[in-house]
Amino acid sequence: MPPSFQSKQKQCHQRRTCVLLMLAALALADSGCSKLKNDTSGGGGHTDTSSDNSNTGPSSSAPAASTGSGTPTTWEANATSLNGAVGQTFTLACSPGGAAHSVWGSDVYTSDSSICTAAVHSGLITYQQGGTVTIEMRPGRPIYGCSERNGVTSSPYGSYLSSFVFKTPDTEAVVREADEQTPVLWNTSATMVSGENGKTWKFKCPANGREGTVWGTDTYTIDSSICSAAVHAGKLTMESGGSVTIELRPGESAYKGSTRNGIKTNDYGTYGRSFVVK
């Protein structure tokens, strides 16, 4: 028997408060606590396949705003530790020989993402050589996408309190694109989206996709692969990818699987939230 909706695992995505340490009359700036970034669907027990590049926690030191060659920073450091206001910029120097750490978002990143790893994801620096980048603090967003770029796979996330972007000649163009359609991977489910039933969200699936897990037919459980459900519904192909719009729906008492357009979906019992492909 499948587990009930109420018994399925949930993970909290709210940030926990970090404790400031006072040493010898010097006030050290606080670093952002890592947050759990998985299923926030309010129901779901299927395995989350989102990638995580993390290998340590966030930095305990906060670099100050700087210009010129940039303030040295660690690969663990995130933008939360900068305590910057929206619109404030920071120029930071990432050291050579860096290591991957967690990143959430694509072009627009959650403020607790590793700045240097996000810079590799954006193609601005490399792990081997490091380099100097300038970030700008931005408001929080209701959703953050994910993508595979330059050896970094970022993770998706729902609503978060603050963001950052990299200052380049293309900054505003990439932010507009992120606003218009959220990039996702073929294993990305819709669990990070929120809103009332009937709300729509637009996503962009990359070309040359790999089939993800889907439950249902026409109406899909919220933790089904967005892109694979779109192929099953006949809205795009795995080869070409493309844009897809989903609409949030209530949960159903049962979901029936089927095979369509090369995608085989699964049966499932009661589930708390659903979506349809528009």
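**Entry 1: the cavity**

I looked up what lines the largest cavity and got Ser106, Val108, Arg141, Ile143, Tyr144, Gly145, Ala178, Thr182 and Pro183. This is a predicted model, where local features need pLDDT of at least 70 and side-chain atom pairs count only at pLDDT 80 or more, while totals for chains, interfaces and linings use all residues. Residues are numbered from 1 along each chain as its sequence is written, and side-chain values use heavy atoms, with hydrogens and water left out.

For my own reference, a cavity is a set of points on a 1 Å grid over the protein atoms alone where a 1.4 Å probe fits but cannot get out, and lining residues have an atom within 4 Å of a point. I found one cavity of 30 Å³ or more, and the volume of the largest is about 50 Å³. Volume here is the space filled by probe spheres set on the points, which are joined across faces, edges and corners.

I sorted the lining into five nonpolar, three polar and one charged. Nonpolar covers Ala, Val, Leu, Ile, Met, Phe, Trp, Tyr, Cys and Pro, charged covers Asp, Glu, Lys and Arg, and the others, Gly among them, are polar.

**Entry 2: cysteines**

How many disulfides are there? I counted two, taking a disulfide as a pair of cysteine sulfur atoms within 2.5 Å.

Cys94 and Cys116 make one, with sulfurs 2.1 Å apart. Cys94 sits in strand 4 and Cys116 in helix 1 (residues 115-121), so this pair ties together parts 22 residues apart in sequence. I noted -90° about the S-S bond, a left-handed link. Both Cys94 and Cys116 are buried (under 20% relative accessible area; exposed is over 50%, partly exposed in between, 1.4 Å probe, protein chains only).

Cys205 is joined to Cys227, S to S 2.2 Å. The torsion about their S-S bond is about -100°, so this disulfide is left-handed. Cys205 and Cys227 are buried.

Cys146 is in no disulfide, and the nearest cysteine sulfur, that of Cys227, is 8.6 Å away. Cys146 is buried, at 1% relative accessibility.

**Entry 3: positive phi**

Most residues other than glycine have a negative phi, and I looked for exceptions.

Asn83 has a positive phi near 55°. I placed Asn83 in the loop between strand 3 (71-73) and strand 4 (89-94), strands being DSSP runs of E, at least two residues, and helices runs of H or I, at least four, numbered from the N terminus. Asn83 is partly exposed at 48%.

Asn208 has a positive phi near 60°, in the loop between strand 12 (200-205) and strand 13 (216-217). Asn208 is exposed, at 62%.

Conventions
1 Å grid on protein atoms, 1.4 Å probe; cavity = no way out; pocket = protein on both sides within 12 Å on 5 of 7 lines; lining within 4 Å.
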